[in-house]
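Visitor: I would like to learn how to read salt bridges and backbone angles in a model. Please take me through them.

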Amino acid sequence: MNSTHQLTDNISKHVRLSEEEILLLNSFWTKKVLEKNDFLLRNGEICRKDNYIISGTLKAFYINADTGQEEILYFATDDWWATDIDSFRKQMPSIYNIQALERTELLQISFASFQSMLEQIPAMERYFRIILEGYLGTLQKRIVMNNVYNAEHRYVDFLQSYPKLAAKIPQYLIASYLGISAEFLSRIRRKNKKSLN
């Protein structure tokens, strides 16, 4: 599948675009490839582009100043978005990093092109509102999970909510995302395996 077709297929699930609008939409995006461990964004840089993932996996993280450990904010994979929304919107330095966990293909749009696209294709305003509402819902759920549920419940929910991610992301990164140690996650996994036998 053509990479811009993948994006327009995603958009068409939420809003309807005319043939002319689809042709115009495609003109705003450029393709980028990251190899494993390449950075899409580093702490202190301005997020100049919004990024749609064609294929691959990224992690967004910051370094805890007290412990020196990576703290995972989110993962992003095929057909998802990976951007520091606040940095992109305000064109101010980012407070975190986004790095490829594997070879990753992206479609990118610059801040100026993004604004132009929204002006020329009004339906895209609605599309990005829907995407942001979904993101905020996920963020809200994560806050509730972290504040109300124990680590085991959070791990089981992660497996059920993101089975594809769980299958390809190293366990120590999942532990960081869940706010627990890799050792504690290993104990949870052993306990769950025993309960399944």
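Visitor: Which side chains meet in a salt bridge at 3.3 Å, N to O?

Guide: A salt bridge is a side-chain nitrogen of Lys or Arg within 4 Å of a carboxyl oxygen of Asp or Glu. Here, Asp86 and Lys90 meet that way. Both lie in helix H3, four residues apart, about one turn of the helix. Helices (H or I, at least four residues) and strands (E, at least two) are DSSP runs, numbered from the N terminus.

Guide: One caution on sources: this is a predicted model, where local features need pLDDT of at least 70, side-chain atom pairs count only at pLDDT 80 or more, and totals for chains, interfaces and linings use all residues. Residues are numbered from 1 along each chain as its sequence is written, and side-chain values use heavy atoms, without hydrogens and water.

Visitor: How many salt bridges does a search of the whole structure find?

Guide: Ten. Among them, Lys31 pairs with Glu105, with the closest N and O atoms 3.0 Å apart. That pair links distant parts of the chain: Lys31 is in strand E1, Glu105 in strand E7, 74 residues apart.

Visitor: Is Glu105 buried or exposed?

Guide: Buried means under 20% relative accessible area, exposed over 50%, partly exposed in between (1.4 Å probe, protein chains only). Glu105 has 18%, so it counts as buried.

Visitor: What about phi of Asp79?

Guide: Most residues other than glycine have a negative phi. Phi of Asp79 is near 70°, a positive value. Asp79 sits in the loop between strand E5 and helix H3.
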